[in-house]
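Subject: Structure handover

Hello,

Here is the structure I promised to pass on. Please open it alongside this message; my notes follow below.

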Amino acid sequence: MKKIQVPPETGKSMFCLFFFSIFLSCFHVCFPDLSSTQTNTMIELSRFLNIPDWNLPGSERNPCSWEGVDCSRPDSSSVISLSLSGFDLSNSSFLPLVCQIQTLESLDVSNNSLSSIPDGFMTNCGTLVGLKQLNFSGNQVSSFPGFRNFSKLEVLDISHNRLSGNIGDYGFDALVQLKNLSLNFNKLAGSVPTDLAKSLVNLEVSDNLLSGSIPEGIEEYQELRLIDLSDNQLNGSLPSSLGNLSKLETLLLSNNNLKGAIPESLSRIQTLSRFAANRNGFTGAIPSGITKHVENLDLSFNLVNGSIPDDLLSQPKLVSVDLSSNLLVGWLPQRISHSLVRLRLGSNKLTGSVSSGAFEWLQNLTYLEMDNNGLTGHIPPAFGNLVSLNLLNLEMNQFTGILPPSLGNITSLQVLKLQQNKLTGEIPDEMGSLSKLLILDLSWNSLSGSIPSSLSNLMKLTNMKLQGNKLSGAIPDSIGDLSSLLELQLGQNQLRGRIPIMPPKLQISLNLSTNMFQGPIPSTLSQLGLLEVLDLSNNKFSGEIPGFLASLISLRQLVLSNNQLIGNIPKFTHNVSISVTGNPAITTGDHGVVIPGRPSGKKSQLVLIVTLVAVGVTALVAVIIILKLYRRFKGVNNMQVDLDEEEGSTVLPEVIHGKLLTSNSLHKSNINFAKAVEAVAHPENALFQTMFWSYYRVLMPSGSSYFIKKLNTRERLFQQASSEQLELDLEMLGKLHHSNVMVPLAYVLYSQGVLLFYEFAHTHSLHDVLHNHPSDVVDWTSRYSIAVGIAQGICYLHGSSSNARDPVLVPDLSSKKIMLKSLTEPLVADIELFKVIDPSRSNSSLSAVAGTIGYIPPALG
């Protein structure tokens, strides 16, 4: 037999071809494709959903490669997980088709616009023996038949929907293997369920309408690690049986109507790391040992009394403690954990001195608030060792002695508030080392000496408040170097001499009142084109009122009373309010708006200062139109105003009812309803107006500034609401609570409208910081913290919008509507209720007021 000689190249080719054939055979044996049934189901599903990535040429051959599709490993022979989250789905009729995938273990259709769950899905998918996880969160589902057939289900998430009715009617008790149940942000009523699977690990039913007490039977859920029942209507006392949940890690009960004492049994749970029960009505003393294992404790805004237990702040793993706005008395504990990051004890009745040793080595402490107490003694020099501190708030106490120079060592400090104490001595030069400081408030003490020139090193400072002291000498020439300064309060001191060039960005206020300045009003003030309030009253200024003051285009308030000025008043625009009383040689004439004067004196001068500022809101109506509100309100109770009568009246409007929405006693003493009504009596004084609101800033007699929003009740759409209903709706805004959301502090109804009071934001908006400052102002750590804070605030408002009785709007979310308490703490500053209005009754063209829509919560779109 003749041998055939094969060339080497041909041999290699045949060898490769042989192994390639073997590989193909092995591929079909070892790595089989999806069955034809599942492939056809997936192709039919792709055509129904019309997802672009699923319909690419050739993609139908391998559904396991599609986005959101996960197949079994390693053979990819079956679909086990389907994630359609955020696919902009609104038609839920595809869901029964999903049930044909017999091997399905997990289905995620979260963050879409589904409004219902078809009966076919509930019937067919309940028979899938492997289905363990279902996620319908972030949709608009209002009801469904129940989960009676899903016996193998372990994880169910229907949070952020519109479920209503009794929680017991949805068949959750039939889910015998359930481990995680999330129903947050719905409208479910009824009591806390006690008939769920005893295998339950996470129970999340926050932001609903649950009522009644927390049952003793909750101890039967021995596997529980997370309980979140916050933001409901629960009442009664906490059962001591909670202490028997030996695996519990997180217990969240915030913003309910719970009462009674905090059970001591909670200290037995060795796994408990977070306990939040703020904004309830808890009374009694804080039990000893409550932080034995807890890392984060929040009992703020309750009625807890007694002293702080000696061991409360000393536990080695403790990270955050918030006991603010309670009735705590006594001295501060002497031992404080070195791991502590946040300590908030403001608005209590604490007394005694602060131990220097307790705070000496707290290297991790970032926020320290002990304001509005009765603390005495000196400010400990050991505070200078708190190298990580961003915020130090000791205002409204009884501290005496000098300002410790060691405070200048806290180079990370952004906010320093020491006002309304009894501090003496000079401002130390070392304060000029606080290079990151944004807010410096030393007002209303007894500080003496001159203003140190070192303060001009604080290049990021936005607010400097030194009024109400005994400072003397001249203002440092270098004050003009503070390029970020927006507010300078130097009133009621003993300053004299030449007024230097002021910081060019001064906007909120320049207050030099009640000092010893004399001579002509200096021309250096002509450069303050952004300034809104200028107060030079109670000095010895002489000569004529310079004409350049009338050229300050942003000026809204000019106070020149009780000086030695002469001559005519320059021609000001009608937007400027002027006070010149106490200058006998002044000829008033018809030159702008002249405010009637009052006798001189510290208190009366503060009453005169009414400042105005805008809080930009341009899109409220557009969002309201989209929401398609119902006409629900009847009648008018003292809210309708005749236009001609209002404009022609010289009598101040009468206050009908005012209510404080915050429990902070600081605001109770500061807010004066009558003065606020007086301040907004002239609409022309508003810097910004929309169809529904006028925006002001008012300086109260106490010296504190507040944002005030005036409701325009001339619009017919507001005249459909009774005053009683309107009050209920306004109080709902006051019940919001989140550290990253700005909510109203009070409201007042008066004969010509409604006023809402907000805490004045003392720092920049996020837009100002990002666009009007050097790029290095906000480092990446701060940017990350700001982003997280905004996300947390919006997430909270999403839930409030999707389930609350009176939904909340964020009319125009932009960087201009994010205020910064510090470079790490943002506030979502513009929120509204939409229930009080009916746009169909508006006097105006809807298209004319549509505004710019920046952000609409998806659940309300």
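Start at N563. Neighbours within four places in sequence aside, N563 is in contact (heavy atoms within 4.5 Å) with L536, S537, N538, N539, K540, F541, G582 and N583. N563 sits in the loop between strand 39 (557-559) and strand 40 (564-568). Helices (H or I, at least four residues) and strands (E, at least two) are DSSP runs, numbered from the N terminus. The relative accessible area of N563 is 6%, so N563 is buried. Buried means under 20% relative accessible area, exposed over 50%, and partly exposed in between, with a 1.4 Å probe and protein chains only. A polar atom of the N563 side chain lies 3.3 Å from the backbone oxygen of S561.

A word on the source. This is a predicted model: local features need pLDDT of at least 70, side-chain atom pairs count only at pLDDT 80 or more, and totals for chains, interfaces and linings use all residues. Residues are numbered from 1 along each chain as its sequence is written, and side-chain values use heavy atoms, with hydrogens and water left out.

Next, the disulfides. A disulfide here is a pair of cysteine sulfur atoms within 2.5 Å. The whole structure holds 2 of them. Counting bonded cysteines along the protein chain, the pattern is 1-2, 3-4.

C64 and C71 are both buried.

C99 and C125 make a disulfide too, with sulfur atoms 2.0 Å apart. Their S-S torsion is about -105°, so this disulfide is left-handed. C99 lies in the loop between helix 3 (95-98) and strand 3 (106-108), and C125 in the loop between helix 4 (119-124) and strand 4 (133-135), so the pair ties together parts 26 residues apart in sequence. C99 counts as buried because its relative accessibility is 4%. C125 is buried, at 1%.

Now helix 2, residues 36-49. The expected span of a helix is 1.5 Å times one less than its number of residues. For the 14 residues of helix 2 that gives 20 Å, and the end C-alpha atoms are 20 Å apart, which agrees. Buried residues in helix 2 are Q38, T39, T41, M42, I43, L45, S46 and L49. Their cover includes strand 1 (69-71), strand 2 (79-83) and helix 3. Just after helix 2, N50 has a positive phi of about 55°.

On to the cores. A nonpolar core is a set of buried Ala, Val, Leu, Ile, Met, Phe, Trp, Tyr and Cys residues joined through side-chain atoms within 4.5 Å. The largest has 166 residues, and F121, F172, F275, F359 and F383 have the most contacts inside it. Helix 2, strand 1, strand 2, helix 3 and helix 4 each give two or more residues to this core. Beyond four places in sequence, the contacts of F383 are V354, F359, L368, M370, L392, L394, L407 and I410. Another core, of 16 residues, lies apart from the largest one; A676, V680, Y696 and V698 are among its residues.

Last, some strand pairing. Two strands pair if DSSP finds at least two bridges between them. Strand 12 (residues 233-237) pairs with strand 14 (residues 257-260) in the parallel sense, over 3 bridges. S237 has K259 of strand 14 as its bridge partner. Strand 14 also runs parallel to strand 16 (residues 281-282), joined by 2 bridges. There, G260 stands opposite F282.

Best wishes

Terms used: A polar contact is a pair of N or O atoms within 3.5 Å; within protein, one must be able to donate a hydrogen and the other to accept it, and residues adjacent in sequence count only if both atoms are side-chain atoms.
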